[in-house]
Amino acid sequence: MIALAEIALFTGASYESNGDYTVKNVGSLEHGVAGDLTYLSGGSYFKFYETTSASFIFVKNDFTPTRTDLIHLFVEKPEKAFLAVLEKYYFKYPALSGVSKSAFIHSSANCGEGLAAGENIVISAGCVIGTNLRIFHNSVILDNCTIGNNCLIFPNVTIREGVVIGDNVVIHSGAVIGADGFGYANNSDGSKIKIPQVGNVIIEDDVEIGANTTIDRAALGSTIIRKGVKLDNLVQIAHNVQIGENSAISSQSGVSGSSKMGKNCILAGQVGIADHIDLADGVIIAAKSGVSKSIKESGIYWGIPAKEIRNSKRLEAHFRGLPEMSDTVADLKRRIEELEKLLNK
Amino acid sequence: MIALAEIALFTGASYESNGDYTVKNVGSLEHGVAGDLTYLSGGSYFKFYETTSASFIFVKNDFTPTRTDLIHLFVEKPEKAFLAVLEKYYFKYPALSGVSKSAFIHSSANCGEGLAAGENIVISAGCVIGTNLRIFHNSVILDNCTIGNNCLIFPNVTIREGVVIGDNVVIHSGAVIGADGFGYANNSDGSKIKIPQVGNVIIEDDVEIGANTTIDRAALGSTIIRKGVKLDNLVQIAHNVQIGENSAISSQSGVSGSSKMGKNCILAGQVGIADHIDLADGVIIAAKSGVSKSIKESGIYWGIPAKEIRNSKRLEAHFRGLPEMSDTVADLKRRIEELEKLLNK
Amino acid sequence: MIALAEIALFTGASYESNGDYTVKNVGSLEHGVAGDLTYLSGGSYFKFYETTSASFIFVKNDFTPTRTDLIHLFVEKPEKAFLAVLEKYYFKYPALSGVSKSAFIHSSANCGEGLAAGENIVISAGCVIGTNLRIFHNSVILDNCTIGNNCLIFPNVTIREGVVIGDNVVIHSGAVIGADGFGYANNSDGSKIKIPQVGNVIIEDDVEIGANTTIDRAALGSTIIRKGVKLDNLVQIAHNVQIGENSAISSQSGVSGSSKMGKNCILAGQVGIADHIDLADGVIIAAKSGVSKSIKESGIYWGIPAKEIRNSKRLEAHFRGLPEMSDTVADLKRRIEELEKLLNK
C-alpha cells in the first residue's frame, strides 16, 4: 500500500485528483484489478486500456484520456516510470545474509566483504571473490574461479574450475558454466579420443544467465560472453564461442563451437547457429532458424537455412502457392497439347 | 514372484490353465522373456504377439489365441489391467522417511505431517507445506512458497520464492520453478534495463514436471500451469504463460511469454510457440513445428510456421515434386517455342 | 613452461633448431600468442598458418615451411601429437580426494577403493560402486545403483534408483539419469493416468554425458547407452531408447521413446528423432532435422522430415528458385493465350 502522491512525486508524474489515493499493487493493463497501478505503453495495447480494471495508469504526457474512472498519471515515458516503481517498491529477491554453517569455503579462497552464502554451497580452493556476492543454497564453485563484485548466484548452479566472471552478473538456477566442450577425435573403428578442453569461460560485467543454461569452456583459450549479454533459459553456448556486447539469446537456442556473434544481436527462441559462423553486429535471427553461413550485414534473417527475412517470406508465400501453381502447369500442358494437335504436330 | 491366480483375481481376468503358475516379472510384448507378464494392446503390436517370449499375456475378452504356449488372461481392457498390476506390484519410488539431520528447514516454515526430507534440502522462511511432502536430497525451496498435500520433489530441484503448488504434484530432478522471466527494456546504446519480474508461478493439482524443465515466474501476476498438466524434460515455459487443464508438452518444446494454451492440448517434441499466442482447446502441434499465429480450432497442425496438417502434408508433397514440376515447365517452354516458330511468331 | 626438447622427445618430433626453447602454453593456430605451441591439421586452417603468432607448431612430416619465424615440429599426425601433449602436460581436472565430512553414504552402500567424495554428495542404500569414483559436490545417487571403475561425476548430477553404469564414464553437471519416462494413458475426460516407469537406464563403458542432459528410465526393461557413446549438453534421451556404440549426439537434440540408433551414428545440433524409429549404423543427421521414418542405409540426411542430403539440397535449390519458376509459368501462360488467340481458339 503506497500513497499515489508518493509515486507521482517519485516519477515526476502529474495527475488530476481530489482525494488521497492508495496504490494496492501493480498489474498488467490486461489483467490488472481494482487498486492496481499499471501503464499504457503503445499501439497494440490500447484495446486493454478500454477494458482494464486497474485503477491507476501511467500514460504519455500527450495522451487524451477517454475513461473517467481511471486516475491518469502523465509522464514522458510510461514504461520507464512503471519500471522505476517496480524497482523501488516491489522488486525484492529473497533475503540472504551471513555465511551458513553448512557452507564450505576452502581456506585458500579469498572472499570480499558482504558475502552472503546459503546452505551447502561450495567455494573451492584458489577462488577470488569480490564484494557482496550472494550465492544461494547448494551452488558450487570449483577451483581457481574469479568472480567480481555484486554478483548473484541462485540455487543449484555449477561453476567449473578457472571460470572468470565480472561484476553484477546474475546466474539463475541450474546453469552450468565451464563444463567440457564437446570435442573428440576419431579412431579408425569409430571409438573416440577426448580432446582435452584446457580453456576456460570469461563472463564480463552485467551479464544475466538463465536457468539450466550451459556455457562450455574453450578447448584452447576462452569462451567469452561480453558485457551486458542476456541469455534466457536452456541456452547452449559451445566451446570457444564469443557473444558480443549487449546481445540477447532466447530460450532453447544454441551457438556451436567457435562461432562469434557481434554486438546487439538477437537470437529468438530455438535458433541454432552452426560452428565457425560469424554474425555481424545487429543481426537478428527469427525463431527456429538455422544459420549455416556467416552473416555480414545487420538485419533480420529467418529460415532453415536462414535467409534475409523478406526473401524468406516471399519464398514462404510461393511455397503456400504450390498447389495452385501445380494446377496452372497442368492446365498449360493440356492447352499446349491441344495446340499441338491442332497444328498436326 | 507373484502367483498368476492372485493377478487374475486382482484384475478380474479369466484364463484356462491346469497348473499353479508364477509370474516372475513384467515385460513388453517385444522384449519380454520367459516368466514375464505382458499385454496385447492393439493392431500394430500383433506382430510381436506372434514372436514374444513372454509367458503370460493380457488380451481382450474377444481375442482368439493362436499360440498355445502362452497363458492368455482375458480382460475387457488389457492395457488398464497391466497398468493396475504395475501400479500394485512393481512400481515403487525409493524410500524416504523422516527428516535428515542435514536438512535445513527455516523456523518460520510450516510443514504438515508426514514430511520426508532428504539430505541437504532447504525449506526457506515463510513456506507453508501440506501433508506428506517427500523432498529428495539437495532440493531447495526459497521463501514463502505454498505447497499442497502429497507432493513429490526429486533431487536437485529449485523452487524459487513465492511459488504456489497444489496437491499431488511431482517435480523431477533439475527442474527450476519460478526463475525470472526474460524481460528487458533497451537503452539507446543497446544496453538493457531489467524489467523486474515481480509475479510468481502457480501450479495446480496433479501436475507432473519433467527433469531440467524451466517454468519462469510472471513479470506481473502469475504463470499458471492448470490441473493435470504433464510436462516432459527440458521444456521451457516463459513468464505469464498459461497451460490449460490436462495438456501435455513433450521434451524440448517451449512456450513464449504470455501465450495461453487451452485444455487437452498436446505439443509434440521440439515445438515452439511464439509469444502472445492463444491455442484453443484440443489443439495438437506436431513435432518441430513453430506456431506464430493463434489457433482457434482444435485439430492437428504442423510446420514452420504451423499449418493445418492436411495442408502441410499437401504442401510437403508438392515440395517433393518440385524437380519434376521444374522439368515439366522446361518441357512446356520448349514446346511453346516450337509452336511459336511454326507460327512465325 | 616446458622444454621444447622434452616435448619433441615425447612426441617423436624432429625439428631444426640451435637454441634451447621453452614452450609457455598451448594455443590454437588462430589465436595462439608468442610462446604457444600449436598445430596445423589440414586444408582450411592453412590461412591461419600464415598469420599465427604462436611460436611452435606441429606439422606433417612432408610439410614445406614457408615461415622462418616459427619452429616447426615434424610428426606423422600433428593433431594426435598435440592432443598427446595436452593430455600429458595441460589437462587436469580439479583435485578431489578423500571423503568429505558432509558426504552421506548409506551404510548399505558398497564403495570400492579410491573413492573421492565431495561435499554434500549422497550415495544411497544398496549402491555398488567400483574403484576410484570421483563424485563432486552436491551430486546425488539414489538407491541400488551400480557404478563401475574410474567414473567421474561432476557437481549437481542426479542419478536415480537402479541405474547401471559401466567403467570410465564421465557425467557432467546437472545431468539427470533415470528420471521417469513420459508415459500416460488417457481417461475419457482428457485427464491422465501415469504409466509406471518400472525399467532402468544402462550406461556402458567409456560414455560421456553432457551438462543438463536427461536420460529417462525405461517403462519396462532398460534405456541403453552403448559403449563409447558421447552426448553433448541439453540432450534428451527418452524411455526405452537405445544408442549404438560410439555414436555421438550434439547439443539440444532429442531421441523419442523406443527409438534405436545404430553404431557410429551422429546427430548434429537440435535434431529430433520421432518415437519407434530405427537408424542404421553410420547414419548422420544434419542440424535441425526431424526424422519421422526409420533409415536403413548409412549416409547423411537433412530436413524436416529428413531426406537423403543430396535430395534435400536439390529441393532447397528448387525452393529458392520458386519466384523465378513462378515468373516462367506466368510468361508461358501469356504466350499460350497469344497462340490460342492467333488460332482462333
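Because the model is predicted, local features were taken only at pLDDT of at least 70 and side-chain atom pairs only at pLDDT 80 or more, whereas totals for chains, interfaces and linings use all residues. Residues are numbered from 1 along each chain as its sequence is written, chains are lettered from A and ligands numbered from 1 in the order in which they are written, and side-chain values use heavy atoms, with hydrogens and water left out.

Two copies of a chain are related by a rotation about an axis and a shift along it. Chain A is superposed on chain B by a rotation of 120° with 0.0 Å of shift along its axis, at an RMSD of 0.1 Å (least squares on the C-alpha atoms of residues with pLDDT of at least 70 in both copies). That is the relation of a three-fold axis.

Between chain B and chain C, 62 residues of chain B are in contact with 69 residues of chain C, contact meaning heavy atoms within 4.5 Å. The area buried between these two chains is about 5100 Å², of which carbon and sulfur atoms give 65%; buried area is the accessible area (1.4 Å probe) that two parts lose on being put together, summed over both. Of the area that chain B buries against chain C, B:Lys288, B:Phe319 and B:Ile336 supply 10%, more than any other three residues.

Within chain B, 10 strands form an open sheet with parallel pairing, in the order 7-10-13-16-19-24-27-30-33-36; strands (E, at least two residues) and helices (H or I, at least four) are DSSP runs numbered from the N terminus, and two strands pair if DSSP finds at least two bridges between them. Strand 7 (104–105) and strand 36 (290–291) of chain B stand at the edges, each with a single partner strand, so one side of each is left without a neighbour in the sheet. Strand 19 (residues 176–179) and strand 24 (residues 214–216) of chain B pair in the parallel sense over three bridges, and B:Ile177 has B:Ile215 in strand 24 as its bridge partner.

In chain A, helix 1 (residues 4–11) and helix 3 (residues 78–90) pack at an angle of about 115°, with their axes 10 Å apart; axes are lines fitted to C-alpha atoms, for helices over the stretch in contact, and angles run from 0 to 180 degrees between N-to-C directions. Residues A:Glu6, A:Ile7, A:Phe10 and A:Thr11 of helix 1 meet A:Ala81, A:Ala84, A:Val85, A:Lys88 and A:Tyr89 of helix 3.
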